[in-house]
Amino acid sequence: MSDFKLIPLVKDYYTITRQYKEGESYVFEVDLNEKCAVYQGHFPEEPIAPGVCNIQLIKECAEIAIQQKLQLQVLQRCRFLKLIIPQENKSFMIKINVGFSEEKCMVFAQVIAEQEIYLDLKGIFLVCK
């Protein structure tokens, strides 16, 4: 059993309601907290989930999947295909595939709701020791 413990960067931004493995993919079902303080600045009248917070959410799910801390080195692809509006889109599925090369971790991820892709990401992360 690993001693890995995740401490989210943004407090109360999300809750993982379920996690499982589907073939080679790690799947996380996530609920966004529409009352999170981050929305007071992004934007109070029409809150939108900040892209950087969603990238961090993917990183944190990947850390849970591999039970190791990661640091983003290169964001090779990051497509924001639809706005995530927490009052309208509270629940998401995050699907992650990982591959390893030396001390690097390739992460391929998608944020999906109702069979639509909201975010598509491919990045290289360093495995922290």
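Glu102 is exposed, at a relative accessible area of 81%. The model is a predicted one.

**Positive phi in loops**

- Most residues other than glycine have a negative phi.
- Glu102 has a positive phi, near 55 degrees, although Glu102 is not glycine.
- Glu102 sits in the loop that runs between β4 (91-101) and β5 (104-113).
- A positive phi, near 50 degrees, is also found at Glu114, again a residue other than glycine.
- The loop between β5 and β6 (116-127) holds Glu114.
- Glu114 has a relative accessibility of 78% and therefore counts as exposed, since the cut-off for exposed is over 50%.
- Glu102, with 81%, is classed as exposed by that cut-off too.

- One cavity of 30 Å³ or more is present in the structure.
- At least two lining residues come from α1 (51-66), and at least two from β4.
- By class, the lining of the largest cavity has six nonpolar residues, one polar residue and no charged residue.

Notes. Residues are numbered from 1 along each chain as its sequence is written. This is a predicted model: local features need pLDDT of at least 70, side-chain atom pairs count only at pLDDT 80 or more; totals for chains, interfaces and linings use all residues. Side-chain values use heavy atoms; hydrogens and water are left out. Helices (H or I, at least four residues) and strands (E, at least two) are DSSP runs, numbered from the N terminus. Buried means under 20% relative accessible area, exposed over 50%, partly exposed in between (1.4 Å probe, protein chains only). On a 1 Å grid over the protein atoms alone, a cavity is a set of points where a 1.4 Å probe fits but cannot get out, and a pocket is an open set with protein on both sides within 12 Å along at least five of seven lines; lining residues have an atom within 4 Å of a point. Grid points are joined across faces, edges and corners, and a volume is the space filled by probe spheres set on the points. Ala, Val, Leu, Ile, Met, Phe, Trp, Tyr, Cys and Pro count as nonpolar, Asp, Glu, Lys and Arg as charged, and the others, Gly among them, as polar.
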